[in-house]
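Student: Can we go through this model together? I would like to start with the sheets and then look at the helices.

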Amino acid sequence: MRTPLSPASPVCLATLALVAALALAGAGCGNEADERSSPGTSAAATKATSFVPSTSRTPAVVWAVGDGADGGDDAWQVARRIGSGRVDRLLYLGDVYEDGTAEEYAEHYKPVYGHLDDVTAPTPGNHDWPNHVEGYDPYWEQVRGKEPPSWYSFRVAGWELLALNSEGSHESGSAQLRWLRAELGERGTCRLAFWHRPRYSVGRHDDQADVQPFWDALEGHATLVVNGHEHNMQRYVPIDGLTELVSGAGGHSHYQLDRQEPSHAFANDTDYGALRLELRPGSASFEFITADGRMLDSGRVSCRPGGGRPSGG
């Protein structure tokens with residue numbers, strides 16, 4: 001469809017100690033692969049809850065950009081613009097060129113965006129995922145001290161942010177979709193979901209129909225969707241109550257927009273830049289900012305506050 005006491009006796013003490021030891025032993029028995037593929041287990045939820053720290057700071061400044069970590073001058077300029085002011089969180093929307101290898105993370109991503117690692121929430125791109133065991137996973141594990149979950153959530157200024165994985169399994173019935181639908185069980189629409197490949201786009205890649213299950217799940221439960229993949233900037237009028245923002249002009253070439261659609265509110269394929277958001281409880285404002293500091297487009301959305309808790313898988 002188109003349109004986030006009293007003194008205990010020695011015997012009691014010994015008994016309690018035995019129970020605690022047995023509990024700890026049981027807690028240590030688990031398969032990491034099962035935890036990653038079966039979200040909702042307590043171990044997986046605990047791991048993902050703290051992968052990207054939540055913050056209640058209001059307003060919170062959140063930047064979003066993808067497709068820029070190639071080590072080139074244009075990518076550096078966009079990163080300098082982002083880092084020139086306050087950054088409470090950076091959503092890196094995927095793609096470290098060309099193949100997301102460990103060497104490319106070290107030579108392309110780290111020099112450009114590494115100074116923002118502590119506040120970065122990553123999601124993998126199509127260039128990253130085939131080599132994620134070599135590049136994406138160990139890079140973010142070294143940053144956070146824990147293996148990155150394939151998808152996760154965290155909270156910022158009254159919003160729940162959902163990091164989804166368009167490169168992993170996401171069809172109906174998949175573990176990721178089951179996790180997402182459970183996460184969206186809380187009321188409210190103050191949620192921002194982000195992943196790499198956009199559902200709606202014009203240009204080189206066009207619409208990505210395979211991510212429709214994300215869209216269907218988010219309808220009525222979220223307000224903003226942020227993506228990269230297309231090397232340009234786009235904003236759509238709300239479709240099914242969701243405003244999609246494409247921020248893939250991070251510096252690795254441009255993809256020409258081959259047409260304008262009635263659902264387009266803004267589109268640019270000539271400037272490099274990034275998306276800047278200010279999140280507050282109940283609302284969000286956004287601006288597309290070029291590498292040299294010009295504002296190309298701006299807007300504001302409102303949402304219905306509700307629940308939400310950090311988790312993931």
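**Sheets and helices**

Tutor: Strand 12 (residues 283-290) and strand 13 pair in the antiparallel sense, over seven bridges. Two strands pair if DSSP finds at least two bridges between them. Helices (H or I, at least four residues) and strands (E, at least two) are DSSP runs, numbered from the N terminus. This is a predicted model, where local features need pLDDT of at least 70, side-chain atom pairs count only at pLDDT 80 or more, and totals for chains, interfaces and linings use all residues. Residues are numbered from 1 along each chain as its sequence is written, and side-chain values use heavy atoms, with hydrogens and water left out.

Student: OK, which residue in strand 13 is the bridge partner of Ser-283?

Tutor: Ser-302 is the bridge partner.

Student: And what is the strand order in that open sheet of six strands?

Tutor: The order is 3-2-1-11-12-13, with mixed pairing. Strand 3 and strand 13 (295-302) are the edge strands, each pairing on one side only. From one strand to the next, the twist averages 20°. Helix 4 packs on this sheet and touches strand 1, strand 2, strand 11 (273-280) and strand 12. The direction of helix 4 makes about 170° with that of strand 1. Angles run from 0 to 180 degrees between N-to-C directions, and axes are lines fitted to C-alpha atoms, for helices over the stretch in contact.

Student: How many bridges join strand 1 to strand 2?

Tutor: Four, and strand 1 (residues 60-65) and strand 2 run parallel. Val-62 has Arg-89 of strand 2 as its bridge partner. Strand 2 also pairs with strand 3 (residues 120-122), again in the parallel sense, over three bridges. There, Leu-91 has Ala-121 as its bridge partner.

Student: Which elements make the β-α-β unit with strand 1?

Tutor: Strand 1, helix 4 and strand 2 make a right-handed one. Strand 2, helix 5 and strand 3 make a right-handed unit too. Right-handed means that, with the strands pointing away from the viewer, the path from the first strand over the helix to the second runs clockwise.

Student: Where do the strand 2 side chains go: which residues point one way and which the other?

Tutor: Arg-89 and Leu-91 point one way from strand 2 (residues 89-92), Leu-90 and Tyr-92 the other way, and all are buried. Buried means under 20% relative accessible area, exposed over 50%, and partly exposed in between (1.4 Å probe, protein chains only).

Student: What is the relative accessible area of Leu-90?

Tutor: Leu-90 has 0%, so it counts as buried. Leaving aside neighbours within four places in sequence, its contacts (heavy atoms within 4.5 Å) include Trp-63, Ile-82, Tyr-113 and Leu-116. The C-alpha atoms of Leu-90 and Asp-118 are separated by 9.3 Å, and the two residues are 28 apart along the chain.

Student: Switching to helices, at what angle do helix 4 and helix 5 pack?

Tutor: Helix 4 (residues 73-83) and helix 5 (residues 102-113) pack at about 30°, with axes 9 Å apart. They are therefore roughly parallel to each other; angles under 35 degrees count as roughly parallel, over 145 as roughly antiparallel, 65 to 115 as roughly perpendicular and the rest as oblique.

Student: Which residues make that contact?

Tutor: Ala-75, Trp-76, Val-78, Ala-79 and Ile-82 come from helix 4, and Pro-111, Val-112 and Tyr-113 from helix 5.
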